[in-house]
Amino acid sequence: MTTNAILLKTLRGERTERPPVWFMRQAGRVLPSYMKIKEDYTFWQMMQNPEVAAKVTLLPVDDLGVDAAILFSDILVIPHALGMGLEFNDSGPLFDNPLAFRENPLSGLHPDPSKLNYIYTVIDKIKRTKSPETPLIGFCGAPLTVLLFMLQGLGRKGDFPEAIRFMYQNKETTRQLIEIVTELSITYALGQIDHGIDVFQLFDTHAGLIPADLYQELFMPSTRKIAAAVREEDIPFIFFPKGLGSGIAQITPDDCDFLSIDWQTPLNLARKLVDPKIGLQGNVDPRLLYASQTEIEKALQPYIEFGKNNQNWIFNLGHGFMPGISFESARFLADWVKQTDWKR
Ligand code: CP3
């Protein structure tokens with residue numbers, strides 16, 4: 001059983017000698033073993049092949065020594081299961097016909113939950129092959145982040161200009177789209193739970209792209225619905241609203257168990273802003289890993305004080321690993337967490 005795993009203990013509020021550690025985007029990008037497998041498949045093929053996806057999910061546990069595995073999949077499986085044409089090429093996701101450019105954005109969406117079944121097969125396979133000590137984190141994207149991709153298509157412009165304009169000019173349609181994404185996301189989250197994930201993280205990578213009060217008005221109710229559905233199943237719920245800034249002060253213990261903090265918000269400040277009943281996760285700047293190990297270690301010192309005083313904290317990055325980071329730096333970071341004397 002995974003119940004004694006350090007991540008689950010921390011999520012339950014129990015004392016541990018050190019913070020648990022895992023990394024966003026730990027499965028892709030930094031691992032030589034991943035790069036090797038990727039020579040033979042596209043990303044989309046990898047995540048749809050249960051053998052490969054299960055294997056890649058578990059690579060970071062062996063290679064980096066992290067305390068949890070995160071399902072190897074993507075947040076954009078939801079638009080795909082809503083009937084949108086989607087492929088991944090070398091520069092990222094490509095949608096056939098993004099919604100903001102359609103005459104009637106609602107009419108083309110046809111939720112088909114069976115299009116997510118292959119992911120449950122991946123979870124089954126992971127459960128059969130992983131060590132019982134390793135918790136499995138499931139996830140999906142939050143409605144805002146998923147909808148931005150659906151409306152804009154390729155997010156390479158960074159700030160999704162047409163998608164945001166669409167939201168301001170078509171509030172009612174936006175509400176209906178949020179509803180559609182939320183319903184399928186709940187079905188998907190509960191499906192992952194049925195198949196045995198231990199923890200759930202909701203990624204809202206682009207939460208900072210709209211004002212915090214519009215976020216509260218339009219998106220927080222649906223985020224709360226997803227959280228409630230997951231927590232009703234007794235699965236701990238981590239929420240990552242990247243870029244929300246001081247908006248994190250408005251998040252309540254009804255919204256999540258743990259809040260993942262981005263690298264823009266100092267952890268001590270986050271601790272002051274966020275309700276003390278909510279645990280924190282984060283928030284090492286992923287770009288720090290471009291620096292030398294001496295510089296990395298120096299920059300990590302304040303985390304020791306934080307970790308000494310805060311048991312309800314999961315060590316992680318403030319966003320995923322960047323491309324081009326060396327495996328040695330990533331491994332160094334995981335080792336550092338496990339070897340440091342946290343003075344607890
Ligand atoms: O450790 C893991 O990698 C876990 C699996 C995971 C992936 N994507 C695999 C992936 C998770 C949790 C995600 C979430 C995701 N996907 C988010 C939210 C978190 C974040 O990092 O911001 C977003 C916005 C997406 C959408 C997405 N997927 C984009 C924009 C891209 C292309 C650019 C990029 O970041 O690489 C992807 C592709 C993708 N998803 C890759 C991986 C490993 C890259 C595939 C490759 O190796 O080329």
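Modeller: Begin with the polar contact, which is a pair of N or O atoms within 3.5 Å; within protein, one must be able to donate a hydrogen and the other to accept it, and residues adjacent in sequence count only if both atoms are side-chain atoms. Here a polar side-chain atom of Arg25 is 3.0 Å from an oxygen atom of the ligand. Before we go on, note that this is a predicted model, in which local features need pLDDT of at least 70, side-chain atom pairs count only at pLDDT 80 or more, and totals for chains, interfaces and linings use all residues. Residues are numbered from 1 along each chain as its sequence is written, and side-chain values use heavy atoms, with hydrogens and water left out.

Biologist: How far is a side-chain N or O atom of Tyr34 from an oxygen atom of the ligand?

Modeller: That distance is 2.5 Å. For Asp74, a polar side-chain atom lies 2.7 Å from a nitrogen atom of the ligand. Taken alone, the ligand exposes 850 Å², and the protein buries 88% of that. Such areas come from the Shrake-Rupley method with a 1.4 Å probe; for residues, only the protein chains shown count as cover.

Biologist: How many residues surround the ligand?

Modeller: A residue is near a molecule or strand if one of its heavy atoms lies within 4 Å of it. By that rule 24 residues surround the ligand, and the closest are Arg29, Tyr34, Lys38, Asp74 and His319. For the kinds of residue, Ala, Val, Leu, Ile, Met, Phe, Trp, Tyr, Cys and Pro count as nonpolar, Asp, Glu, Lys and Arg as charged, and the others, Gly among them, as polar. The shell divides into 13 nonpolar, 6 polar and 5 charged residues.

Biologist: Which helix and which strand each supply at least two residues of the shell?

Modeller: Helices (H or I, at least four residues) and strands (E, at least two) are DSSP runs, numbered from the N terminus. Helix 2 (32-38) and strand 3 (92-95) each supply at least two residues of the shell.

Biologist: What should I look for in the backbone angles?

Modeller: Most residues other than glycine have a negative phi, and most peptide bonds are trans. Arg25 has a positive phi of about 60 degrees, and Arg29 has a positive phi near 70 degrees. Arg25 lies in the loop between helix 1 (6-12) and helix 2, and Arg29 is found in that loop too. As for the peptide bonds, the one from Gly282 to Asn283 is cis, with omega near -10 degrees. Asn283 is in strand 8 (residues 279-284).

Biologist: Which residues does Asn316 touch?

Modeller: Contact means heavy atoms within 4.5 Å. Leaving aside neighbours within four places in sequence, Asn316 is in contact with Trp22, Phe23, Met24, Gln281, Gly282, Asn283 and Val284.

Biologist: Which residues touch the most other members of the largest nonpolar core?

Modeller: A nonpolar core is a set of buried Ala, Val, Leu, Ile, Met, Phe, Trp, Tyr and Cys residues joined through side-chain atoms within 4.5 Å. The largest one has 129 residues, and Phe23, Leu259 and Phe315 touch the most other members. Helix 10 (residues 212-232) gives the most to this core, with 9 residues. Beyond four places in sequence, the contacts of Leu259 include Phe239, Pro241 and Ile248. Phe239 sits in strand 6 (residues 237-241) and is buried, because its relative accessible area is 0%.

Biologist: What does the side chain of Arg224 make a polar contact with?

Modeller: Its partner is the side chain of Asp255, at 2.5 Å. Arg224 is in helix 10 and has a relative accessible area of 30%, so it is partly exposed. Not counting residues up to four places away in sequence, Arg224 touches Gln216, Asp254 and Asp255.

Methods: Buried < 20%, exposed > 50% of the residue type's maximum accessible area, 1.4 Å probe, protein only.
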